[in-house]
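Grab a pencil and get ready to work through a few exercises.

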Amino acid sequence: MRWTTGSRGSINDMRGASGGGRGMIPLGIGGVIVVALLSMFTGVDFFDILGGGGSTQPTAVGTSGTVTGSPTEEKMVDMVDAVATDVQQTWTQALGGRYQQTKVTLFRDAIQSGCGYAGAVSGPFYCPRDRQVYLDLSFFDELQRRFGASGDFAQAYVLAHEFGHHVQAVTGTESSVREAQQANPSNVNALSVRLELQADCYAGVWGHEAAKPGRAARGQVELDPGDLEEALRAAAAIGDDRLQKLGSGRVMPEKFTHGSSEQRQTWFKRGFDSGDPRQCDTFGSSGTR
């Protein structure tokens, strides 16, 4: 993936801020991975305890003072900024005045978000209350080391997925789904899966734009051969079925919150192939197939 270093205008760098506070936030992509690891290494089925990944109380301790990142980390910050800027340009073009700009808040160890206290267990997540994407960069290392999902476009897919949740917030989809979940608690997980798969499809819509030739010469993100496969491997690596099997040794579809590996790949690819957000209707007749 080719990209150009920018001004970091899409970054809110809180890596040196304290993460004190209490409260709970929903599990993001990284949270589901951490729950799988906890189950795998302790023998306790944390998916059952958490009801499939609804919410949990992070326990990581925040840092304080100024944090100076390594050259490798600072390059990663620039990559996150480039992707965030590019993704938002795509959605500005698609939605026009309906789209509202946001930022990626980077933190280290822990942070107090608008949705509550977030620690290492939270992973990358989107908070609809303050409409920001949150990311601890250490997640990318976990994604590669533990789950074999390497490559910068695998990382970009995760970011684009979280921005997909922002699109859902500004278009009203997120609030409608939350209301439906409150009205019918027995349908919470099924609706969560549809929300997550739509965010995967929206990530693919951006990937469609990033795959167009000549973008790098204009200072935009441009994919290289093999990048699509990186994203598909990442989508497969963080499917609920794979993570549940790693964590507890069994697959429980009724506890899915993000979708199976096959579903995540399918919906990302649908967005990538079409480049059309209208093809991302996971709530319509096509369902989550």
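This is a predicted model: local features need pLDDT of at least 70, side-chain atom pairs count only at pLDDT 80 or more; totals for chains, interfaces and linings use all residues.

Residues are numbered from 1 along each chain as its sequence is written, and side-chain values use heavy atoms, with hydrogens and water left out.

**Exercise 1. The overview**

Find how many helices and strands the protein has, and what share of its residues is buried.

Solution. 
- Start with the helices and strands: there are ten helices and eight strands. Helices (H or I, at least four residues) and strands (E, at least two) are DSSP runs, numbered from the N terminus.
- Now the burial: of the 289 residues, 53% are buried. Buried means under 20% relative accessible area, exposed over 50%, and partly exposed in between (1.4 Å probe, protein chains only).
- Last, look at contacts, meaning heavy atoms within 4.5 Å. Take those with a separation of 6 or more: residues 24 or more positions apart account for 77% of them.

**Exercise 2. Two crossing helices**

Work out how α3 and α7 are oriented to each other, and which residues meet.

Solution. 
- Locate the pair: α3 covers residues 71-95 and α7 covers residues 188-210.
- Check their axes, which come within 10 Å and cross at roughly 95°. Axes are lines fitted to C-alpha atoms, for helices over the stretch in contact, and angles run from 0 to 180 degrees between N-to-C directions.
- Pick the class: under 35 degrees is roughly parallel, over 145 roughly antiparallel, 65 to 115 roughly perpendicular, and the rest oblique. So α3 and α7 are roughly perpendicular.
- List the partners: V83, D86, V87, T90 and W91 of α3 meet Y202, V205, W206 and E209 of α7.

**Exercise 3. An enclosed helix**

Decide which residues of α8 are buried, and what covers them.

Solution. 
- Helix α8 spans residues 227-237, and eight of its eleven residues are buried, so α8 is largely enclosed by the rest of the structure.
- The buried ones are D227, L228, E230, A231, L232, A234, A235 and A237.
- Their cover includes α4 (138-147), α5, α9 and α10 (261-274).

**Exercise 4. Buried residues elsewhere**

Is H165 buried or exposed, and which residues does H165 touch? Then do the burial check for S122.

Solution. 
- H165 sits in α5 (residues 152-171). Its relative accessibility is 9%, so H165 counts as buried.
- Leaving out residues up to four places away in sequence, H165 touches Y126, L195, E196 and A199.
- S122 is in the loop between β6 (116-119) and β7 (125-127). With a relative accessible area of 1%, S122 is buried too.

**Exercise 5. Positive phi**

Find where R8 and D109 lie, and what phi each one takes.

Solution. 
- Keep the background in mind: most residues other than glycine have a negative phi.
- R8 is in the segment before β1 (11-14). R8 isn't a glycine, yet its phi is positive, about 65°. At 26% relative accessibility, R8 is partly exposed.
- D109 is in the loop between β4 (104-107) and β5 (110-113). D109 isn't a glycine either, and its phi is positive at about 80°. At 30% relative accessibility, D109 is partly exposed.
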